[in-house]
Amino acid sequence: MTLTYCPDTTAADWLVRSGTPATQLMTFGPASFEAFGRLRFIPDPVVPGQAETDADIPAGHPLDLTQARRALRLLARFTSTPQDCYFCVWEGYSDIPLPPDVRHGPLVEIPHRRYALLRGALHDIDAWEADLGGGQPIAPPAFVWPADRRWCFASDVDPHWAGIGAEQAAIDALIGDPRLDVVPARPAEEQPVYR
């Protein structure tokens with residue numbers, strides 16, 4: 001495994017103690033960033049009450065993890081510490097079998113969620129399935145941030161998108177990348193949801 005488990009969770013204290021409301025924290029990270037965006041894994045609903053199963057998703061649409069990797073690779077340009085990053089794995093992911101010592105060890109805790117904290121280089125996201133999913137497709141990390149905390153990637157289990165907080169130039173670069181579907185966001189506002 002290229003990522004290592006961190007039984008000392010103090011590197012996540014900036015999340016836990018950010019004072020950001022829980023739902024906003026789970027979906028965008030701390031509220032302290034200059035700008036925010038939403039990486040849409042699938043398009044937003046087009047009518048109120050639309051079910052996710054009714055979304056118009058083209059054949060061959062990239063997996064959530066594939067899209068997350070693209071965004072994280074771009075975000076590597078906006079940190080001085082791409083070789084020192086943190087990754088959180090939600091303990092409730094059924095497709096990521098955490099070892100018992102990790103599942104029962106110290107976890108990062110915020111309201112309504114607990115996460116295993118892993119550390120490694122940002123490029124270790126390329127081995128995410130091999131390291132954590134036995135080679136099978138799995139969910140993206142719940143959180144990723146570099147040690148210099150220049151940005152935060154948050155992918156909660158419920159929304160059809162991931163939230164990203166960063167400097168404006170990083171959000172602009174994400175929005176401008178034609179391989180990504182990123183839109184500006186205001187985390188304190190209600191976000192689009194499928195029923």
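Predicted model: local features only at pLDDT ≥ 70, side-chain atom pairs only at ≥ 80, totals over all residues.

Biologist: How many disulfides does a search of the whole structure find?

Modeller: The general idea is that a disulfide requires two cysteine sulfur atoms within 2.5 Å. Here the search finds zero disulfides. For C6, the closest cysteine sulfur is that of C88, and at 9.2 Å it is too far for a bond. C152 is likewise buried, at 0% relative accessibility. Its closest cysteine sulfur also belongs to C88, 8.4 Å from its own and too far for a bond.

Biologist: Which residues touch the most other members of the largest nonpolar core?

Modeller: In soluble globular proteins, nonpolar side chains tend to be buried together. In this model the largest nonpolar core has 63 residues, and W128 and F143 touch the most other members. Leaving aside residues up to four places away in sequence, W128 touches L3, L65, F87 and I138, among others.

Biologist: How many aromatic pairs are found?

Modeller: The search finds nine aromatic pairs. For W14 and F33, the ring centres are 6.1 Å apart and the planes lie at 85°, so this pair is edge-to-face. It links distant parts of the chain: W14 is in helix 1, whereas F33 is in the loop between helix 2 and strand 2, 19 residues apart. Both W14 and F33 are buried.

Biologist: What sits over the ring of W90?

Modeller: The charged end of R113 does, 5.2 Å from the ring centre. W90 itself is buried, with a relative accessible area of 19%.

Terms used:
Residues numbered from 1 in each chain as written. Heavy atoms only, no water. Buried < 20%, exposed > 50% of the residue type's maximum accessible area, 1.4 Å probe, protein only. Core = buried A, V, L, I, M, F, W, Y, C linked by side-chain atoms within 4.5 Å. Contact = heavy atoms within 4.5 Å. Phe/Tyr/Trp six-rings, centres within 6.5 Å; stacked < 30°, edge-to-face > 60°. Helix = DSSP H or I, 4+ residues; strand = E, 2+ residues; numbered from the N terminus. Lys NZ or Arg CZ within 6 Å of the ring centre and 35° of its normal.
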